[in-house]
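I opened my notebook to go through this structure piece by piece. Here is what I looked up.

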Amino acid sequence: MAEVILKFAEQQKILDKYYLVKCPDCYYTLDIVTKDEVADILIHPIYCNECDEDKNISVDNVYIAYTVILQPDITEDELIRAIEERLNQGECAAVNFSKADSLSNKKEDIYEIYYNPSESAYDRFNELKDKLDLDYGKNTTAKGKAFEELILCIFNSIKYVRGSNDVKTKTNQFDCTLLCGINTVYSSVFNYLATYFIIECKNEPEKKPDNTYTNKFESIMDTSDAQFGIVFGRKK
């Protein structure tokens, strides 16, 4: 219930969210950062004055906190009574709210730290999506390219991931090749993506990727240094 209230207050611009970076050993506050800065904190060591050494930070060491940016136009007693009524707590003496919580328990926040496209980015996604069903006639290359551009645009919106659909080898051209040069000190999907990974796209709703297609993709993986691959198909 407290989390719902905090989220509502943030949406109403009553509270502003920030993040406390704590030393994993002495619990000293190393930094106070915004959501956009958290990703850098998680991949670069930060110096602790108390321990006199650099520390690797994980999601367990980053805590969510809030600051009041809009003061209520009622008295504190009126505010307490209003909260108690909303929570159906009657005349209880106090309601205990947690001021901060570890990011390890906040998957939604972690997702947004690395992937939080703007409205203009979503407009671009929809624009590329609309091109999937254009009449390309017998030009299967252009039809496939439309799907590749959409997938590439989505993955390029992930922080620290950059890619291209123009990478060729002596025997193959990869639909999408993505670079991800980071590893996190905590368990995450990034540990499986580095140094680069491959995506194959099949823009044929009537023909889902079959065993022949996946076997071909597996052979491409075997002849490259990529340790991870993704196949995207389409529904009818």
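Which side chain makes a polar contact with the side chain of Thr29? I found that of Lys22, at 2.7 Å. A polar contact is a pair of N or O atoms within 3.5 Å; within protein, one must be able to donate a hydrogen and the other to accept it, and residues adjacent in sequence count only if both atoms are side-chain atoms.

**Ground rules**

I am working with a predicted model, where local features need pLDDT of at least 70, side-chain atom pairs count only at pLDDT 80 or more, and totals for chains, interfaces and linings use all residues. Residues are numbered from 1 along each chain as its sequence is written, and side-chain values use heavy atoms, with hydrogens and water left out.

**Overview**

I noted 8 helices and 9 strands in the protein. Helices (H or I, at least four residues) and strands (E, at least two) are DSSP runs, numbered from the N terminus. Of the 236 residues, 34% count as buried. Buried means under 20% relative accessible area, exposed over 50%, and partly exposed in between (1.4 Å probe, protein chains only). I also looked at contacts between residues at least 6 apart in sequence: 56% of them join residues at least 24 apart. Contact means heavy atoms within 4.5 Å.

**Thr29**

I went back to Thr29. It lies in strand 2, residues 29-33. Thr29 counts as partly exposed because its relative accessibility is 30%. Not counting residues up to four places away in sequence, Thr29 touches Val21 and Lys22. I also checked Asn61, which is 32 residues from Thr29 along the chain; their C-alpha atoms are separated by 9.6 Å.

**Lys17**

I found Lys17 in strand 1, residues 15-22. Its side chain joins that of Asp109 in a polar contact of 2.8 Å. With neighbours within four places in sequence left aside, Lys17 is in contact with Glu10, Ile64, Ala65, Tyr66 and Asp109. Thr67 is 50 residues from Lys17 in sequence, and the C-alpha to C-alpha distance is 6.7 Å.

**Two tyrosines with positive phi**

Most residues other than glycine have a negative phi. Tyr27 has a positive phi of about 70 degrees. Tyr27 sits in the loop between strand 1 and strand 2. At 47% relative accessibility, Tyr27 counts as partly exposed. Tyr160 has a positive phi of about 75 degrees. I placed Tyr160 in the loop between helix 6 and strand 6 (161-164). Tyr160 counts as partly exposed, at 23% relative accessibility.

**Asn203**

Is Asn203 buried or exposed? I have it as buried, because its relative accessibility is 4%. Asn203 lies in the loop between strand 8 (196-201) and helix 8 (211-222). Its side chain makes a polar contact with the side chain of Arg234, at 2.8 Å. A polar atom of the Asn203 side chain also lies 2.8 Å from the backbone oxygen of Lys143. Leaving aside neighbours within four places in sequence, I listed the contacts of Asn203 as Leu132, Lys143, Gly144, Phe147 and Arg234.

**Helix pairs**

Two packed helices are described by the angle between their axes and the distance between the axes. Axes are lines fitted to C-alpha atoms, for helices over the stretch in contact, and angles run from 0 to 180 degrees between N-to-C directions.

I took helix 2 (residues 35-43) and helix 4 (residues 107-114) to begin with. They pack at about 90 degrees, with their axes 8 Å apart. That makes helix 2 roughly perpendicular to helix 4. Angles under 35 degrees count as roughly parallel, over 145 as roughly antiparallel, 65 to 115 as roughly perpendicular and the rest as oblique. Lys35, Val38, Ala39 and Leu42 in helix 2 meet Glu112, Ile113 and Tyr114 in helix 4. I sorted these contact residues into 5 nonpolar, no polar and 2 charged. Ala, Val, Leu, Ile, Met, Phe, Trp, Tyr, Cys and Pro count as nonpolar, Asp, Glu, Lys and Arg as charged, and the others, Gly among them, as polar.

I then turned to helix 5 (residues 119-130) and helix 6 (residues 140-155). Their axes come within 9 Å and cross at roughly 165 degrees. Helix 5 and helix 6 are therefore roughly antiparallel. Arg124, Phe125, Leu128 and Lys129 in helix 5 meet Glu149, Leu150, Cys153 and Ile154 in helix 6. This contact divides into 5 nonpolar, no polar and 3 charged residues.
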